[in-house]
Amino acid sequence: MIPKIILGAGGTRGLIKYLFGRGDANEHIDPHLVASWNDFAPDPGRSPRRDQKEVEGQLAAQLDQPVKMLGEKAPETTFWHCPVRAAPEDPILTDAQWGGIARRIVAAAGIASEGDEEACRWVAVRHADDHVHIAATLVRQDGRRPKRDHDIRSVQKEARQVEVDYGLRRLRAGDGTAAKRPSSKEHFKAKRLGQDAPAREVLRRRVRRAVAAASTEAEFVALLEATGVSVRLKLAPSGDALGCNFALPGNVNEVGEPVWFAGSTLAPDLSLPKIRERLATTDREPVTARPGNPWHEATAAAERIPGRLTTDDDSFAQGQLVALGATLDLLPITAPAAVRMELEQAAVAFERASRSRITADLGSTRVLRRSVQAILRDRPHDDDGSGFAMLLDAALIAVAFAAHWHRTRQHAQQEAAAEQALLHLQTAYAQAAGPVLASIAQRAPVLETKHRFAYYLQQEVPEYAERILSDPAWDALTTVLAEAEAAGQNAATVLDHALGQRTLEDADSPARALTWRIRRLGQRHAPSPRAEAARARSTTQRTAAHIHPAPAAQWPQGPRSRRR
């Protein structure tokens with residue numbers, strides 16, 4: 001159940017007229033009162049022998065009377081409007097049930113406590129099966145102001161309890177960092193125009209993607225304009241930009257003017273100051289060394305996120321979630337067409353999980369953001385799709401850790417958003433990675449080489465060896481190990497390095513996880529003889545055993561590995 005508080009100034013006549021009218025798209029059905037401050041207020045929807053406009057005027061006058069009694073001492077904000085909407089799957093409630101809910105909402109808000117005969121005047125209007133509108137004036141009948149401190153929080157809390165009491169869908173508690181939902185009016189407008197989503201949601205996605213892709217403010221504006229979004233800066237008298245507004249082509253008001261949305265009304269992190277903070281972390285720097293493969297660098301950065309979400313530095317961790325959200329915003333652009341829709345949905349879902357009350361250390365986002373931007377900008381070779389698949393695999397694990405991180409901090413909405421994103425990513429990964437792994441597996445080495453690699457695993461990670469050897473990705477893993485050897489790497493050393501990067505405990509498929517890690521390691525330049533000798537000394541004296549492994553049926557178990 002979703003309550004939404006809206007404040008207004010002036011009389012309530014216009015609001016009452018709207019609530020008892022047909023609606024912007026003739027969506028209002030049988031509007032009538034289900035409750036009021038005195039239980040016998042005039043009901044324009046149930047007065048068939050009287051002119052409806054006359055009754056609407058009478059009702060508005062009675063609501064406004066306490067405000068008018070104060071004259072010039074009346075508050076600037078004079079009325080309180082709160083639509084309360086049930087979920088689509090909820091049972092249809094009766095008028096009596098909606099009336100009871102309305103009384104609980106106005107009591108929680110401090111508008112009218114039960115038994116307070118001098119409280120504010122209010123009415124609850126029902127004009128659809130799934131919601132009511134509560135309208136109240138903000139002067140008590142004794143002339144005092146209502147004590148409605150923190151009414152938004154109190155009303156939300158009461159709504160959660162109503163869900164329990166009436167057996168309705170239970171929503172997650174929020175922390176005030178969620179993006180603003182489109183109004184009913186915006187939904188009806190999109191439906192009338194034949195659009196898939198309201199303009200607010202379309203703009204939010206496009207602006208987020210432009211922020212993720214841009215390195216400078218000028219590039220950010222250019223990217224938006226290239227997608228048809230108009231950008232208008234709000235300037236101070238000094239000429240400094242104070243804010244940024246966005247509009248979609250064709251989305252106009254009654255007089256044909258563009259409907260502008262301030263960035264902060266699209267999402268809390270899309271205000272101009274917040275956008276500038278993000279862009280400041282991705283200014284391009286002079287290249288001081290030969291750049292690596294952006295797919296590998298982005299994957300390596302994404303693989304570090306789970307470890308950073310297990311530290312005590314919440315600000316740093318929140319920064320990692322911001323970077324992960326930006327990565328998901330851009331992944332659909334580089335994705336195969338077959339998985340693009342799932343990735344779009346994953347990005348939309350995870351948007352909620354990328355924000356919390358914890359201030360993000362945006363400096364920690366630099367490496368991942370720049371790597372993903374390099375993929376978008378330079379379009380590095382990824383003929384077999386393995387670069388995309390390995391990055392998607394790392395992002396999937398990072399999102400799973402994000403859900404756990406939010407859960408441990410009781411961020412209920414963010415946890416649910418991350419879990420929803422995870423479902424879409426799992427579907428996309430299965431479609432994208434399956435053909436890539438199958439193609440790699442077709443180049444698997446001969447049986448003798450497989451036995452040698454299996455022996456390495458028995459020595460290094462006996463606790464995972466059985467799972468890896470029976471994993472469908474085992475042939476792909478042996479292929480990348482063999483390719484690493486062909487490139488001049490020592491397979492045992494590469495395997496040791498891959499195992500040391502991070503635990504396999506959270507891997508759904510250890511063989512698959514190792515395949516992607518070794519794919520990156522094996523495609524690096526072969527080490528110099530001196531570096532290889534130094535690394536060989538650090539990996540003890542197992543080389544002799546590697547040269548003459550035992551037959552497959554007699555692989556020694558060896559001591560349990562230190563890797564957990």
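# Reading a predicted fold

Student: Which residues are buried in α19?

Tutor: In helix α19, the buried residues are Trp 474, Ala 476, Leu 477, Thr 478, Thr 479, Val 480, Leu 481 and Ala 484, where buried means under 20% relative accessible area, exposed means over 50% and partly exposed lies in between, with a 1.4 Å probe and protein chains only. Helices (H or I, at least four residues) and strands (E, at least two) are DSSP runs, numbered from the N terminus. This is a predicted model, in which local features need pLDDT of at least 70 and side-chain atom pairs count only at pLDDT 80 or more, while totals for chains, interfaces and linings use all residues. Residues are numbered from 1 along each chain as its sequence is written, and side-chain values use heavy atoms, with hydrogens and water left out.

Student: How many residues does α19 have, and what follows the helix?

Tutor: Helix α19 covers residues 474-486, which makes 13 residues, and its reach from first C-alpha to last is 18 Å, close to the 18 Å expected at 1.5 Å a residue; the expected span is 1.5 Å times one less than the number of residues. After α19 comes Gly 488, whose phi is positive, near 100°.

Student: What is the pLDDT of the protein on average, and where does pLDDT stay under 50?

Tutor: The pLDDT is the predictor's confidence in each residue, from 0 to 100, and here the protein averages 87, with 90% of the residues scoring at least 70.

Student: How many helices and strands does the protein have, and what share of its residues is buried?

Tutor: The protein has 23 helices and 9 strands, and buried residues make up 49% of its 564 residues. Taken along the principal axes, the C-alpha atoms fill a box of roughly 100 × 55 × 40 Å. Among contacts between residues at least 6 apart in sequence, 74% join residues at least 24 apart.

Student: Which residues touch the most other members of the largest nonpolar core?

Tutor: A nonpolar core is a set of buried Ala, Val, Leu, Ile, Met, Phe, Trp, Tyr and Cys residues joined through side-chain atoms within 4.5 Å. In the largest one, of 81 residues, Phe 350 and Leu 514 touch the most other members. Helix α15 (residues 386-408) gives the most to this core, with 13 residues. Apart from this core lies another, of 41 residues, among them Ile 16, Leu 33, Cys 82 and Val 84.

Student: Which strand is joined to β3, and how many bridges join them?

Tutor: Two strands pair if DSSP finds at least two bridges between them, and 4 bridges join β3 to strand β5 (residues 122-128), the two running antiparallel. Leu 33 has Val 125 in β5 as its bridge partner. Strand β3 (residues 32-36) is mostly covered, with 5 of its 5 residues buried. Elsewhere, 3 strands form an open antiparallel sheet in the order β7-β8-β9. Its edge strands are β7 (230-235) and β9 (261-262), each of which pairs on one side only.

Student: Where is Arg 520, and which side chain does a polar contact join to it?

Tutor: A polar contact is a pair of N or O atoms within 3.5 Å; within protein, one must be able to donate a hydrogen and the other to accept it, and residues adjacent in sequence count only if both atoms are side-chain atoms. Arg 520 is in helix α21 (residues 510-522), and its side chain is joined to that of Glu 303 by a polar contact of 3.0 Å. Arg 520 counts as buried, because its relative accessibility is 3%. Not counting residues up to four places away in sequence, Arg 520 touches His 296, Thr 299, Ala 300, Glu 303, Met 390 and Gln 501.

Terms used
Contact means heavy atoms within 4.5 Å.
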